[in-house]
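Dear colleague,

I am handing over the structure below, followed by some notes on what was found in it. Please read the notes with the model open beside them.

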Amino acid sequence: MLLTCDESGTYMNELDIADKILGLLIGGHDTTSASCTFIVKYLAELPHIYDGVYKEQMEIAKSKAPGELLNWDDIQKMKYSWNVACEVLRLAPPLQGGFREVINDFIFNGFSIPTGWKLYWSANSTHKSAQYFPEPEKFDPSRFEGSGPAPYTFVPFGGGPRMCPGKEYARLEILVFMHNLVKRFKWEKVLPDEKIIVDPMPIPAKDLPIKLFPHKA
């Protein structure tokens, strides 16, 4: 961004560069760190879900030679773990939604929406719709088995041509995190009733302190 100019030879100004860097930090760091935080939270609260993830990850760990790192084939085997991660993303999407501009007039719930208006789409509200997710408050990774939810009903990464370009990287990062944490530790929350705040992403109010319990060799 500092060295590249456009077709007319104009370089980006500092304000534009700062805006792009801020977007990169939020999109590339804060979203996945918030997701990993809520994965830790839900696995602490739901021992049977933790056990399923642990079983899958240990099968992969036992297939590796000492010191051998994960590879792409290992990531593809983490189907249950990714279903769990997706259910976490459904219940606690890091980004609550986004703005879009209307390109064609349409009617929604009896309201006429004209071309040019700005709309805010809500991932949180969409994910909690009982029409698409029966018992929406229930933690159920099986929702993502088979073909999974209907298109545009599960949107933690957005949808369509403007879907998050880092989706597959986020999947890789989250699964590697889950593998390395779960195979080494079990844990419990220090504050069982810790509140969740949104600032601007959902985060535990006290940063989710936990007690780690190493697995016995």
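UniProt positions are given in the numbering used here, with feature names shortened, and such annotations may be inferred rather than shown by experiment. With that caution, the unreviewed UniProt entry lists Cys164 under "binding site". Cys164 is found in the loop between helix 5 and helix 6, where helices (H or I, at least four residues) and strands (E, at least two) are DSSP runs numbered from the N terminus. Cys164 counts as partly exposed because its relative accessibility is 31%, given that buried means under 20% relative accessible area, exposed over 50%, and partly exposed in between (1.4 Å probe, protein chains only).

As to the basis of these notes, this is a predicted model, in which local features need pLDDT of at least 70 and side-chain atom pairs count only at pLDDT 80 or more, while totals for chains, interfaces and linings use all residues. Residues are numbered from 1 along each chain as its sequence is written, and side-chain values use heavy atoms, with hydrogens and water left out.

Helix 4 (residues 79–91) has 13 residues and reaches 19 Å from its first C-alpha to its last, close to the 18 Å expected at 1.5 Å a residue, the expected span being 1.5 Å times one less than the number of residues. Eleven of its 13 residues are buried, so helix 4 is largely enclosed by the rest of the structure; among them are Trp82, Cys86, Glu87 and Arg90. What covers these buried residues includes helix 1 (14–45), helix 2 (47–62), helix 5 (123–127) and helix 6 (167–182).

Phe213, in strand 8 (residues 210–214), is partly exposed at 40% relative accessibility. Its C-alpha is separated by 5.1 Å from that of Lys186, 27 residues apart along the chain. Leaving aside neighbours within four places in sequence, Phe213 is in contact (heavy atoms within 4.5 Å) with Arg184, Phe185, Lys186, Trp187 and Glu188.

Most residues other than glycine have a negative phi, and most peptide bonds are trans. Glu135, however, has a positive phi of about 50°; Glu135 lies in the loop between helix 5 and helix 6 and is exposed, with a relative accessible area of 56%. Asp207 likewise has a positive phi, near 70°, and this residue, in the loop between strand 7 and strand 8, counts as exposed at 63% relative accessibility. The peptide bond from Asp199 to Pro200 is cis, with omega near -10°, and Pro200 lies in the loop between strand 6 (196–198) and strand 7 (202–204).

With kind regards
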